[in-house]
Amino acid sequence: MADMQALAEAVISGNKDVAESLTQAAIDEGVGPADVINNGLIAGMMVVGEKFKNNEFYVPEVLIAARAMQSAMGLVKPLLAEGEMEARGRVAIGTVKGDLHDIGKNLVAMMLEGGGYEIVDLTVDVSPEQFVEAVSAQGCNVIALSALLTTTMPSMKDTVDALVEAGVRDQVKVVIGGAPVTQSYADEIGADGYAPDAASAVDSVAELLG
Ligand code: B1M
């Protein structure tokens with residue numbers, strides 16, 4: 001019988017082969033893809049997020065778990081009928097203009113994907129205009145901004161201002177983070193949320209979307 005607990009554990013321990021074979025077994029037994037995603041893959045990534053927050057897991061363990069989650073997700077995603085599993089939100093994520101650091105941003109994206117959010121990864125060196133476009137043309141309802149340089153942090157404010165100017169500020173929640181970023185900076189520039197690490201970013205987005 002399909003064992004979602006074992007699947008979650010395979011994700012937590014980053015065992016890609018076991019995660020894939022348990023996922024395939026569940027599919028073969030007729031378990032619904034939404035069940036596999038929610039009760040196996042997302043459930044596992046939630047535990048990974050908690051362990052990361054509590055310093056029981058470090059970056060490599062999170063990356064290995066995310067890789068197991070993503071490859072198993074690849075097996076179930078094509079089986080999802082249109083609209084069968086609504087994403088919890090559509091998040092455009094990117095490292096801000098002038099900034100090429102992407103390791104933390106990628107971790108945040110993986111954790112959010114593991115949390116059930118659809119990710120539009122705008123990669124690095126992303127201009128305020130590109131973020132605006134992600135809202136107005138791609139329907140993203142969350143924007144997640146990462147900055148690692150004190151010199152590129154002002155681009156976070158430019159992005160919030162550009163959303164206001166484009167008249168789409170009320171359609172989107174803005175979450176910011178990165179090593180030099182603080183809650184008080186988020187308050188200062190009018191962002192909706194701040195997260196100190198990748199797992200907290202998932203909590204922050206969940207809270208903002210209610
Ligand atoms: Co750069 N770099 N770097 N660098 N680099 C730092 C950031 C620096 C602190 C090093 C130092 O001087 N001690 C310093 C910044 C100083 C400052 O502004 N205060 C610095 C500098 C100066 C530079 C260059 C200017 C160096 C130069 O060329 N003279 C240059 C800039 C290039 C550019 O971006 N335009 C540069 C280049 C590089 C590399 C290309 C060599 C490489 C990046 C490779 C890559 O990302 N693909 C690099 C690296 C690796 C670092 C350090 C060593 C590590 C960053 C990292 O990946 N950490 C870094 C020093 C350090 O932090 N110890 C440094 C691991 C990652 C998991 O953590 O990104 O903090 P982090 O993400 C965390 C949280 O911050 C949070 O969650 C993540 C996981 O918990 N988080 C979010 C991140 N984004 C979030 C978004 C959220 C929420 C949470 O919501 C949306």
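Where does K173 lie? K173 sits in strand β4. The model is a predicted one, so local features are reported only at pLDDT of at least 70 and side-chain atom pairs only at pLDDT 80 or more, while totals for chains, interfaces and linings use all residues. Residues are numbered from 1 along each chain as its sequence is written, and side-chain values use heavy atoms, with hydrogens and water left out.

K173 counts as partly exposed because its relative accessibility is 31%; buried means under 20% relative accessible area, exposed means over 50%, and partly exposed is in between (1.4 Å probe, protein chains only). Setting aside residues up to four places away in sequence, K173 touches N141, V142, I143, D192, L208 and L209, where contact means heavy atoms within 4.5 Å. K173 and G74 are 99 residues apart in sequence, and 28 Å lie between their C-alpha atoms.

What about R169? R169 is in the loop between α7 (154–165) and β4, and R169 counts as buried because its relative accessible area is 18%. The side chains of R169 and D192 are joined by a polar contact of 2.9 Å. A polar contact is a pair of N or O atoms within 3.5 Å; within protein, one atom must be able to donate a hydrogen and the other to accept it, and residues adjacent in sequence count only if both atoms are side-chain atoms. A polar atom of the R169 side chain also lies 3.0 Å from the backbone oxygen of G190. Leaving out neighbours within four places in sequence, the contacts of R169 include V160, L163, V164 and V174.

Now for the ligand. There are 26 residues around the ligand, and L100, H101, D102, S146 and T150 come nearest; a residue is near a molecule if one of its heavy atoms lies within 4 Å of it. By class, this shell has 16 nonpolar, 7 polar and 3 charged residues. Ala, Val, Leu, Ile, Met, Phe, Trp, Tyr, Cys and Pro count as nonpolar, Asp, Glu, Lys and Arg as charged, and the others, Gly among them, as polar. At least two shell residues come from each of α5 (103–114), β3 (142–146) and β4 (173–177), and α5 gives the largest share, 4 residues.

H101 is found in the loop between β1 (90–95) and α5. The NE2 atom of H101, at 2.2 Å, is the only protein donor of the cobalt atom of the ligand. Donors are N, O and S atoms within 2.8 Å of the metal (3.2 Å for Na, K and Ca), and water is not among the atoms, so sites may look incomplete. Elsewhere around the ligand, an oxygen atom of the ligand is 2.9 Å from a polar backbone atom of T150, and a backbone N or O atom of A179 lies 3.2 Å from a ligand oxygen.

On to helix α1 (residues 4–12), where M4, L7, A8, A10, V11 and I12 are buried. These buried residues pack against α2 (16–28), α3 (33–53) and α4 (59–76). D3 caps the N-terminal end of α1, with a side-chain oxygen 3.1 Å from the backbone nitrogen of Q5.

Finally, the chain is divided into domain 1 (4–79) and domain 2 (90–209), with bounds that come from an automatic or database domain assignment. The domain centres, taken over C-alpha atoms, are separated by 25 Å, and 14 residues of domain 1 are in contact with 13 residues of domain 2.
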